[in-house]
Amino acid sequence: MSAKLFSLEALSSSFKVLSKPKSTSILQHRASKAHATHFKFQKYNSLAYQLGELMSNTTLFFQFEGTLLKSSSLFPYFMLVAFEASGFLRALTLFLLYPFVCLIGGELGLNIMVFICFFGIRKEKMRIGNSVLPKFFLEDVGSEGFDVVMKCGKKVGVSDLPRVMVEGFLKDYVGVDVVVARELKVVGGYCVGLMEEMNTKSLEASQILGDEKPSNSQTIGICCHNKFLHQQLLSQNCKNVFLVSEAEKRNWKSLPREKYPKPLIFHDGRLAFRPTPIATLAMFMWLPLGFCIYFIRFIVGMFLPHCLCNPILAFTGTITTASVQPSSLSNTSANGEDQGKPRGRLYVCNHRTLLDPLYVQVATDKSLTTVTYSLSKINEIIAPMKTIRLTRDRERDRKQMDKLLSQGDLVVCPEGTTCREPFLLRFSPLFAELTDDIVPVAIDVQADMFYGTTASGFKFLDPIFHFLNPNPVYTIRILEKLQASDTCKFGGKSRFEVANLVQNEIGKALGFKCTSLTRKDKYMILAGNDGSMKESR
C-alpha cells in the first residue's frame, strides 16, 4: 500500500483554500512505498479539492508530539512527572541524568526517562495525565497544527509517551476517539518503570476503530519525521501522510486561551513554570537561598507585628498590594441589626491559597477569626490567627459561625476550595444567612516558581511552597460593604441571591469569570475523590 507524504503547511493551506479562488501553484510531495521514496509534483488546487471533499468525514491518524506540540523536547513533561511523584529528589535525579539521556537518544533514552519518573509509583496515584500535564500541553500546542487536527472528523492519536501521560489530555481537550500508546507495567499495584511492547497486529484500523473502519481513501496521517514514528501504523492505515518539519514548527504560534476546546479551570501540581532544562537548573540553584529566605519570611510573619513584618517581607521579595474602601472599615453597626447586640463584620473572599485569611487580617489591620474545611493540623497549630475547623454539617457550621460573629469579625471563603485560574467557583450561601454586615474581598495571587496549593499532595506544605517563590505576589481588594437592600434580613433577598451577588462583585473586581462548579467537581477531576480525605493532611 502506497503512502504520500506532504508538508503540514500545505495541508493547513488546503483547508483554507476552499473559500479562495483556485490557485495554479504546485506542491512538491514525496510518495513512499515501504522504505523507498521518490519525488513527483502535484497541482496545489487539485490536492486542495481532494482534501476538501474528504475533510468532513476524514479519519485522521496523527502523532501527538509531532503534530500538536511546538517543542521537540519531552524533558519538561517527564520533569513534571518526576517532581509530582517524589518531589525534589526524583526531579534532581532526572535532571542530572538528562545529559546522558540526550547522548543516548532514541527509544532507549525515552525508556530511561520513563524508568526514572515512574519506578515505584502506585498505580492509583498516576493521575498526572488528567491533573497536571494538560495545562502544560495546552501552553505548548501550536495553533496551526491544532487547527488542522480539529477540522477532521474521527481522530486517532498516536504517542510515544506512556498512555497515562497523554490519554486524559487527548480525549478531554482534543476529542480523539482512540489513543494508541503503550501501557506501563504494574506489579503488585506499583509501576516498575517499564512500558509494554506495542502489539503491531493491533495497529490496523480494523482493530483500532472496530466496525467504523473507514475506506483507505478517507484516512490521512500527520507526523514529524524526526520523532519515533509509528511508521507501520501510518503506512497500514493512511494513503496520505503529511510531514511537519522542525523548521515549520518553530514558526507556529501558541494556541491562545480563547481557542482552548474547553476552559482550563482546574489543574494540580507544584511547579508554576515550564520546567525546561535551563529553567530546572535555575530552580535547583535557587533552592538553597530560597529555603533561607523562607525561614526568614516564616519567622518574621509569625512573631513580628504587621507594621514591622510588612517592610521586611517586602525586602525579601514578597509583593503585597492592598486597597481598602473606607466604608468597609467603618465601625457602624450592621444594617438593620439589633443595636443592643453588637456583632462582628463578615469578610467574604474568594479562595486562592490557605494564606488568604491571614492577608485579609493584614490588610484590615484587625484581629480576625477564620473558618476552614481543609486546613492541616500542622498549619492550624502554627497559624498566627484564630482558626476554627468546620464540619460540613450545615446546621452545626451555621451555629459555630454565628457564635464567632457574636465575638468579633470573621473571614470566610465560601468557595470551599482554592482555584488557581481566573475563575470563581460557586459560593456556598450559608454566610448570607448570618448577618447583613457583609464585605466582599477580592484576592489574586501570582506565583513564579511554585504553587502554594494542592489537591493531591500534602496541604501542610502549601505555605512553604508559596514562600519558596522568589517573588510571591498577593493582591487584596476590600470592596464596598453590601447595601442593606442587597442582604437577606434587611433587604429580603434570598441567600442564593446574596451569594451570587458577592461572587459577581468579586469577579468584576478581579476580571474573573463566575462558574457554578463546586469543590467536589475540582477534586473529582484532579484527585478522583470528593476531597474529604484531604482534610487531615
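The model here is predicted, so local features are reported only at pLDDT of at least 70 and side-chain atom pairs only at pLDDT 80 or more, while totals for chains, interfaces and linings use all residues. Residues are numbered from 1 along each chain as its sequence is written, and side-chain values use heavy atoms, with hydrogens and water left out.

Back to α17 itself. Helices (H or I, at least four residues) and strands (E, at least two) are DSSP runs, numbered from the N terminus. A residue is called buried under 20% relative accessible area, exposed over 50%, and partly exposed in between (1.4 Å probe, protein chains only). Helix α17 covers residues 356-364, and seven of its nine residues are buried, so this helix is largely enclosed by the rest of the structure. The buried ones are Asp356, Pro357, Tyr359, Val360, Gln361, Ala363 and Thr364.

Zooming out, the protein has 22 helices and 19 strands. Its 537 residues are 52% buried. The protein exposes about 24,100 Å², with carbon and sulfur atoms supplying 56% of that area; the areas come from the Shrake-Rupley method with a 1.4 Å probe, and for residues only the protein chains shown count as cover. As for contacts (heavy atoms within 4.5 Å), take those between residues at least 6 apart in sequence: 73% of them join residues at least 24 apart.

Thr369 gives a local view of such contacts. This residue sits in strand β13, which spans residues 369-372, and counts as buried because its relative accessibility is 13%. Leaving aside residues up to four places away in sequence, Thr369 touches Met385, Lys386, Ile388, Leu404, Asp409, Leu410 and Val411.

What about the nonpolar interior? A nonpolar core is a set of buried Ala, Val, Leu, Ile, Met, Phe, Trp, Tyr and Cys residues joined through side-chain atoms within 4.5 Å. The largest one has 88 residues, and Phe62, Phe78 and Phe118 have the most contacts inside it. Helix α4 (residues 75-86) gives this core its largest share, eight residues. Phe78 touches Leu94, Leu110, Met113, Val114, Cys117, Phe118, Leu161, Pro162 and Met165, again not counting residues up to four places away in sequence. Apart from this core lies another, of 28 residues, including Leu346, Val371, Val412 and Leu424.

Charged pairs come next. Side chains of opposite charge can pair when their charged atoms come close. A salt bridge here is a side-chain nitrogen of Lys or Arg within 4 Å of a carboxyl oxygen of Asp or Glu, and a search of the whole structure turns up 19 of them. In one, Arg163 pairs with Glu167, and the closest N and O atoms are 3.2 Å apart. The two residues are four apart in helix α10, so about one helical turn separates them. An α-helix has 3.6 residues a turn, so residues three or four places apart point the same way. Arg163 is buried, at a relative accessible area of 17%, whereas Glu167 is partly exposed, at 25%. Helix α10 covers residues 163-174. The C-alpha atom of Glu167 is also 8.1 Å from that of Asn130, although the two residues are 37 residues apart along the chain. Arg163 and Glu167 belong to a network of salt bridges that also links Lys171 and Glu183.

Arg257 pairs with Glu421, and their closest N and O atoms are 2.4 Å apart. Arg257 lies in the loop between α13 (246-250) and α14 (277-303), and Glu421 in the loop between β15 (410-412) and β16 (423-424), so this pair ties together parts that are 164 residues apart in sequence. Arg257 is partly exposed, with 41% relative accessibility, but Glu421 is buried, with 6%. Then there is Asp462 with Arg270, where the closest N and O atoms are 2.8 Å apart. Asp462 lies in helix α20 (residues 462-468) and Arg270 in the loop between α13 and α14, so this pair ties together parts that are 192 residues apart in sequence. Both partners are buried: Asp462 has a relative accessible area of 3%, and Arg270 has 6%.

Finally, the cysteines. The structure holds zero disulfides, a disulfide being a pair of cysteine sulfur atoms within 2.5 Å. Cys102 is partly exposed at 45% relative accessibility, and Cys292 is partly exposed at 48%.
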